[in-house]
Amino acid sequence: MQDADLSQSGPPVAADLVDDRQLFYVARKGKRFINCVIDLVGWLVFAEIVILPVGLLLDVIGPHFGRRSFCNYMLYHYGPFIVQVHMSMTCVAYYFLQEYAWGRTLGKFVTRTIVISADGCRPTGRQIVGRTLARLIPFEALSYLFGQKYPVGIHDEISNTRVVDKPRRPKSM
């Protein structure tokens, strides 16, 4: 393992994601912020990709109310609620599917960070669900910026997980 630069990383966390024990370092605020921005854009693109076929399908097969299609009728009468439900569902799907499958989201791939359990193991499905649902708390996405020396957000605390720098694999000779 390479020597870690503690000025760039948080406190070490023991991890057992592979056969041998490793030390991971908690990701710094700058990386967490970049994760947040990239994942916000990724989530909004994902939400648009999901809603387009749904809207088209509802317009084509839905019953018509006068001149408005079913989709337009629902948005006209229940717009803010429908949008909130859609955005919440796509948020849950975006984060849960990626973190459950790969232990990281699009933003974490870019910044070379991963999610681990606070005890250093791969997070359980329950931890990923807790982490994902906690993201629905208003302003939660910025919670890691305030308070502590090392960035641990509300979704990290609730799920007992941490975002850490992914160690580089040694090059084969």
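**Exercise 1. A glutamine and its partners**

The side chains of Gln-127 and Ser-117 meet in a polar contact of 3.2 Å (a pair of N or O atoms within 3.5 Å; within protein, one must be able to donate a hydrogen and the other to accept it, and residues adjacent in sequence count only if both atoms are side-chain atoms). Before you start: this is a predicted model, where local features need pLDDT of at least 70, side-chain atom pairs count only at pLDDT 80 or more, and totals for chains, interfaces and linings use all residues. Residues are numbered from 1 along each chain as its sequence is written, and side-chain values use heavy atoms, with hydrogens and water left out.

Task: find out where Gln-127 sits and what else it touches.

Solution: 
- Step 1: Gln-127 is part of helix H4, residues 125–134 (helices, H or I, of at least four residues and strands, E, of at least two are DSSP runs, numbered from the N terminus).
- Step 2: check its cover. Gln-127 counts as buried because its relative accessibility is 13% (buried is under 20% relative accessible area, exposed over 50%, partly exposed in between, with a 1.4 Å probe and protein chains only).
- Step 3: look for a backbone partner. The Gln-127 side chain gets to the backbone oxygen of Ser-159 at 3.1 Å.
- Step 4: list the contacts (heavy atoms within 4.5 Å). Skipping neighbours within four places in sequence, Gln-127 contacts Ser-117, Arg-122, Ser-159, Asn-160 and Thr-161.

**Exercise 2. The strand that holds Ser-117**

Task: is strand E3 enclosed or open, and which strand is joined to it?

Solution: 
- Step 1: count the buried residues. In E3 (residues 113–117), five of the five are buried, so the strand is largely enclosed by the rest of the structure.
- Step 2: sort them by face. In a regular strand, side chains alternate between the two faces of the sheet. For E3, Thr-113, Val-115 and Ser-117 take one side, Ile-114 and Ile-116 the other, and both faces are covered.
- Step 3: find the partner (strands pair if DSSP finds at least two bridges between them). E3 runs antiparallel to strand E4 (residues 161–165), and five bridges join them.
- Step 4: pick out a facing residue. Opposite Ile-114 you'll find Val-164 in E4.

**Exercise 3. Rings between helices**

Task: work out how Phe-46, Tyr-94 and Tyr-95 are arranged.

Solution: 
- Step 1: start with the overall tally. The whole structure has four aromatic pairs (rings of Phe, Tyr and Trp, its six-membered ring, with centres within 6.5 Å; planes under 30 degrees apart are stacked, over 60 edge-to-face, the rest tilted).
- Step 2: take one of them. Phe-46 and Tyr-94 make a tilted pair, 6.2 Å centre to centre with 50 degrees between the planes. This pair links distant parts of the chain, 48 residues apart: Phe-46 in helix H1 (residues 29–61) and Tyr-94 in helix H2 (residues 70–102).
- Step 3: compare cover. Phe-46 is partly exposed at 27%, while Tyr-94 is buried at 6% and Tyr-95 is buried at 9%.
- Step 4: look for a charge over a ring (NZ of Lys or CZ of Arg within 6 Å of the ring centre and within 35 degrees of the ring normal). The charged end of Arg-135 sits over the Tyr-95 ring, 3.9 Å from its centre.
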